[in-house]
Amino acid sequence: MISIIFISVDENVHYSLICKNTDSINSIENRLIKEYPELSNTDNYFLYKGKEMNKFKIFEDYKIKNGDIITRIQK
């Protein structure tokens, strides 16, 4: 289990989620939307270390570890 911090460039999102390294953005996006319902009507993409993430790749593929930050950007 790892804690990943999600933030947004507009500073409206700042949230830590407990995840598995086998989770993907796609699998946890609904948990993020539960906390921030306004995200459900937006087209979101996510960056890790400045690079766009494939929503279906698992965190382990990106070598994401405890405390890392993923940035949410609205298209």
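This is a predicted model: local features need pLDDT of at least 70, side-chain atom pairs count only at pLDDT 80 or more; totals for chains, interfaces and linings use all residues.
## Ground rules

A residue is called buried here if its relative accessible area is under 20%, exposed if over 50%, and partly exposed in between (1.4 Å probe, protein chains only).

Residues are numbered from 1 along each chain as its sequence is written, and side-chain values use heavy atoms, with hydrogens and water left out.

## The overall layout

Reading along the sequence gives the pattern β-β-α-β-β-β.

As for size, the C-alpha trace spans about 30 × 20 × 20 Å along its principal axes. The radius of gyration, taken over C-alpha atoms, can be held against a globule rule of 2.2 Å times the number of residues to the power 0.38. A compact globule of 75 residues would come out near 11 Å, and the protein chain has 11 Å, so the two agree. Buried residues account for 37% of the 75 residues. Taking contact to mean heavy atoms within 4.5 Å, 51% of the contacts between residues at least 6 apart in sequence join residues at least 24 apart. The accessible surface is about 4800 Å², with 48% of that belonging to carbon and sulfur atoms; the areas come from the Shrake-Rupley method with a 1.4 Å probe, and for residues only the protein chains shown count as cover.

## Around strand β5

Two strands pair if DSSP finds at least two bridges between them. Strand β5 (residues 69-74) pairs with β1 (residues 2-8) in the parallel sense over four bridges, and Ile5 stands opposite Ile69 there. Strand β5 also pairs with β3 (residues 44-48), this time in the antiparallel sense, again over four bridges; here Asn44 stands opposite Gln74.

Thr71 is a handy residue to look at within β5. Thr71 is buried at a relative accessible area of 18%. Leaving out residues up to four places away in sequence, Thr71 touches Ile7, Val9, Tyr45, Phe46 and Leu47.

## Two aromatic pairs

The structure holds two aromatic pairs. Rings of Phe, Tyr and Trp (its six-membered ring) pair if their centres lie within 6.5 Å; planes under 30 degrees apart count as stacked, over 60 as edge-to-face and the rest as tilted. Phe6 and Phe46 have ring centres 6.2 Å apart and planes at 90°, so the pair is edge-to-face. With Phe6 in strand β1 and Phe46 in strand β3, the pair ties together parts that are 40 residues apart in sequence. Phe46, at 2% relative accessibility, counts as buried.

The other pair is Tyr15 with Tyr36: their centres lie 6.0 Å apart and their planes sit at 85°, so the pair is edge-to-face. Tyr15 is in strand β2 (residues 14-19) and Tyr36 in the loop between α1 (25-35) and β3, so parts 21 residues apart in sequence are tied together. Tyr15 counts as partly exposed at 25% relative accessibility, while Tyr36 counts as buried at 14%.

## A buried serine in a loop

Ser24 lies in the loop between β2 and α1, and at 10% relative accessibility Ser24 counts as buried. Setting aside neighbours within four places in sequence, Ser24 is in contact with Lys55, Phe56, Lys57, Ile58 and Phe59.

Technical notes. Helices (H or I, at least four residues) and strands (E, at least two) are DSSP runs, numbered from the N terminus.
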